Amino acid sequence: MTPSSNTYGILAEFKNPADLMDAAASVRDAGYTRFDVFSPFPIHGMDDAMGLKPSKLGWIVLIHGIIGLLGGIALQVWSMDIAYPVHISGKPYLNFPAFVPVTFALVILLSAFGTFFGLFFLSKLPKLHHPIFHSNHIERATDDGFFLCIESKDPLWDKNKTIDFLTSIGASTIEQIPEESP
Amino acid sequence: MSQSSDTQKDLLVKGNHDFASVTRLISDIPQQKTPAWWYIAFGISNILLAMLLGMVILLIWNGIGVWGLNQPVGWGWDITNFVWWVGIGHAGTLISAILFLFRQGWRTAINRFAEAMTIFAVMCAGLFPAIHVGRIWAIYWIFPLPNSMQLWPNFNSPLLWDVFAVATYFTVSTLFWYVGLIPDLATMRDKVKGFYSKIAYGVFALGWTGSNRHWQHYEKAYMILAGLATPLVLSVHTIVSFDFAVSIIPGWHTTIFPPYFVAGAVFSGFAMVLTLMIITRKLYHLEDIMTIDHIEKMNIIILVTGNMVGFAYAMEFFIAWYGGVEYEKFAFINRAFGPYAWAYWIMITCNVVAPQFFWVKKFRRHIGLTFFLSIVINIGMWFERFVITVTSLAQDFLPSSWGYFSPTYVDVLTYVGTFGLFFTFFLLFLRFLPMVAISEVKGVMPQADPAYYRNNQKH
C-alpha cells in the first residue's frame with residue numbers, strides 16, 4: 001500500500017459468530033454508524049446487534065403485487081369485455097370467477113419480480129467492484145471467516161483510535177483496506 | 001454424556017464438520033477433474049436430447065398425426081407427460097418453500113438440488129403443450145399480444161390459465177433458485193483458482209460480499225419468495241387439474257381433482273428427488289450432508305402423500321356410485337375393468353401398494369429399497385396420468401364413437417428424449433454449480449448460533 005492512497009476502512013476478524021455479534025454491538029454502542037459485518041451465513045440477532053432498521057423490501061413487494069392485481073384484472077376486463085367481446089358458450093363477458101387464476105398468477109409473478117429486483121436495489125448490487133475485495137482475508141467471509149469493517153467515512157473515524165478500539169473488543173487480526181488497488 | 005450423544009444424533013450434518021470443511025466438501029466438486037462417468041452420462045443424455053429434437057422436428061413437419069392420437073382420443077402421451085413432469089417439479093418447490101416456512105432445517109441439504117430438478121422438469125413439461133398445438137408457428141396466440149386480428153386469448157379457458165400458471169411457476173422457481181445460489185456462487189468465486197472460472201462465478205455472484213446489510217434484505221427476500229412460491233405451487237397443479245376438471249367428460253369432471261393432483265405431484269416429485277439423490281450422494285460422497293435421516297423423512301412424506309392419492313382413488317369410486325350419474329359410474333368401472341384395466345392396476349400397485357412398505361422404519365432407512373420404490377412410484381404416477389387422460393376420452397358418452405389409444409414410436413421416443421433434455425441440464429448443474437446450498441447448511445449447524453459459544457463457555 002502506498003502511503004498516499006486513501007484508506008477505505010479497517011477490517012477486523014473475529015473468531016466466531018458470537019464474538020462477531022458482541023463486537024458489532026460494541027461498535028454500535030461506541031457510536032459508529034458506517035460499519036458492516038461479513039459472514040458466510042446470516043447470523044440470527046445480528047440486525048439488532050448492528051442496530052439496523054427492518055428491511056423495506058416488503059413494501060416494494062406489496063406495491064408490485066398490487067400492480068399485478070390491478071394489471072391482471074384490467075387486462076382481462078379490457079380484452080374480454082371492451083376490446084373484443086366474444087360470446088363463449090353462454091358465459092358472461094365479465095366472468096370474474098374465471099379471471100381469478102390468471103390474476104393470481106400475475107400477482108405472484110409481479111411480486112416475485114419485485115422481490116428479486118428489490119433485493120438488488122436495496123443491496124446496491126450487482127457491483128463490479130468493492131474496496132473490501134482489496135483485503136487479503138475477505139475471501140474467507142464466504143467460507144468460515146467472520147469480519148467487521150469500520151469505514152473511513154464514519155464521523156467518528158480516527159485511524160489509530162479505531163484500530164485500538166477494534167483490538168480492545170477482541171479482534172484477532174486487523175487490516176487496513178485501501179480505497180484504490182494496492 | 002447422554003446429552004451429547006443425543007445432540008450428535010439430531011445433528012443435520014454428520015461427521016464432525018466445521019464451516020471450512022463443509023465449504024470444501026461442496027465447493028471442491030466443481031473444481032475437481034470431471035469424472036469419467038460424467039462424460040458417459042452426459043454423452044448418453046446428449047444423444048437422447050438430439051433424438052428429442054429430431055422427434056419434435058418430425059412432429060412439426062408432419063403434424064400431430066405422427067403421434068398415436070385419434071378420434072376420440074385427442075390427448076395421449078403429450079398431456080400425460082406434461083402433467084407427469086410438472087408434478088415432478090413440485091417436490092422441489094415443496095422442499096425449498098413449504099419446508100422453509102415450516103422451519104424444517106433438514107431441507108438445506110437437498111433444496112438446491114431439488115430446485116434444479118424443478119426447473120429442468122418444468123422445461124420438459126412445458127415442451128409438450130407447446131408442441132401439441134400442431135401449428136407451433138401460431139403459438140404466440142396464447143399470449144395476450146395486440147395483433148392484426150384484434151383478437152385476445154380466451155380467459156375463460158383453463159388451458160390459458162395453465163399458460164399463465166406454468167410460465168409464472170417456471171419464472172418464480174428460477175428466480176428463487178438464483179437468489180439461493182448467489183452466496184454460494186460468491187463462495188465459488190473465492191475458491192476457484194482459474195482466471196476465467198473466477199470471472200464466470202464472479203459475474204453471476206453479482207459482487208456478493210457476505211455483508212450483513214445484504215444478508216438482512218436477502219433473508220427477507222428469501223422468506224417472501226418462499227411465501228409466494230407456496231401458494232403458487234399449490235395453484236399450479238390445481239390449474240393443471242382444471243384442464244380436466246372444468247370439462248364435462250365423465251371421470252374428469254370432479255371437484256376432488258385439485259387436492260388429489262397436488263398430493264400426487266408431491267408424491268412423484270419426492271420419489272424423483274430420492275432417485276436422483278441416492279445416486280448423487282454416492283457418486284459425490286455427500287453421505288455426511290444427505291444423510292439416511294433425510295431419506296427417512298422423505299419416505300415419510302411419500303407414505304403420507306401416497307395414502308392421500310390412494311384415498312382419492314377410493315373416493316372417486318365412491319362419489320361415482322354415490323352421485324348416481326350413469327356415465328360417471330360407467331367411467332370408473334370401465335377404468336378398473338375395461339380395456340385399460342392393465343394400466344389401472346399398474347397404477348394401483350405402484351402408487352397405493354408400493355409405498356405401504358414405508359410404514360416400517362427399517363424399510364424407510366433402507367437405501368436399496370428406497371431407490372427401487374422411488375422408481376416404481378414414478379412409473380405408477382405416469383400411469384395415473386395416462387389412465388386419467390386416456391380412459392375417459394376413449395370411452396365417453398356414445399359407444400359408437402369409442403376408440404382405443406396406442407402410442408407410436410414417435411410418442412415413445414419423444415418421451416424418452418425428454419430424459420435427455422432433463423439429464424443434460426441436470427448433469428451440467430452437477431458439474432458446474434454447488435449442488436448443496438453451502439451457506440444454508442452452515443446456517444443450520446449448531447456452531448452458527450451465537451448461543452452455542454456462550455453455553456459452552458458456561459460449562
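**Conventions**

I worked on a predicted model, in which local features need pLDDT of at least 70 and side-chain atom pairs count only at pLDDT 80 or more, while totals for chains, interfaces and linings use all residues. Residues are numbered from 1 along each chain as its sequence is written, chains are lettered from A and ligands numbered from 1 in the order in which they are written, and side-chain values use heavy atoms, with hydrogens and water left out.

**Domains of chain A**

I looked up how chain A is divided, and found domain 1 (7-54 + 125-178) and domain 2 (57-122). The bounds come from an automatic or database domain assignment. Taken over C-alpha atoms, the centres of these two domains are separated by 43 Å.

**Interface of A and B**

I took contact as heavy atoms within 4.5 Å. On that rule chain A brings 66 residues to the contact and chain B brings 58 residues.

I then searched the interface for polar contacts, and the rule gave 22 residue pairs, both residues at pLDDT 80 or more. A polar contact is a pair of N or O atoms within 3.5 Å; within protein, one must be able to donate a hydrogen and the other to accept it, and residues adjacent in sequence count only if both atoms are side-chain atoms.

Which elements of chain A give two or more residues to the side that touches chain B? I noted α1 (17-29), β2 (35-38), α2 (46-50), α3 (57-83) and α4. Of these, α4(A) gives the most, with 18 residues. Helices (H or I, at least four residues) and strands (E, at least two) are DSSP runs, numbered from the N terminus.

**Salt bridges**

Side chains of opposite charge can pair when their charged atoms come close. My rule for a salt bridge was a side-chain nitrogen of Lys or Arg within 4 Å of a carboxyl oxygen of Asp or Glu.

I looked at Asp22(A) and Arg454(B), whose closest N and O atoms are 2.5 Å apart. For Asp143(A) and Lys191(B) the closest N and O atoms are 2.9 Å apart. Asp143(A) is in the loop between α4 and β3 of chain A and Lys191(B) is in helix α6 of chain B, so this pair joins two chains. Asp143(A) is buried at 6% relative accessibility, and Lys191(B) is partly exposed at 23%. I used under 20% relative accessible area for buried, over 50% for exposed, and partly exposed in between (1.4 Å probe, protein chains only).

Within chain B, Arg335(B) and Glu316(B) meet in a salt bridge at 3.6 Å, N to O. Arg335(B) sits in helix α11 (residues 326-337) and Glu316(B) in helix α10 (residues 292-323), 19 residues apart. Arg335(B) is buried, with 2% relative accessible area, and Glu316(B) is also buried, at 6%. I also noted a network of salt bridges that links Asp293(B), Glu296(B), Lys361(B), Arg364(B) and Arg365(B).

**Nonpolar cores**

I defined a nonpolar core as a set of buried Ala, Val, Leu, Ile, Met, Phe, Trp, Tyr and Cys residues joined through side-chain atoms within 4.5 Å. The largest one has 196 residues, and those touching the most other members are Leu148(A), Trp85(B), Phe422(B), Phe426(B) and Phe429(B). Helix α6 (residues 158-191) of chain B gives this core its largest share, 18 residues. Domain 1 and domain 2 of chain A each supply at least three residues. Another core, of nine residues, lies apart from it and includes Tyr8(A), Ile138(A), Ala141(A) and Ile177(A).

I listed the contacts of Phe426(B), leaving out residues up to four places away in sequence: Phe113(B), Ala116(B), Met117(B), Phe120(B) and Leu276(B).

**Backbone checks**

I found a cis peptide bond from Leu125(A) to Pro126(A), with omega near -5°. Pro126(A) lies in the loop between α4 (96-123) and β3 (146-151) of chain A. Gln71(B) and Pro72(B) are also joined by a cis peptide bond, with omega about 10°.
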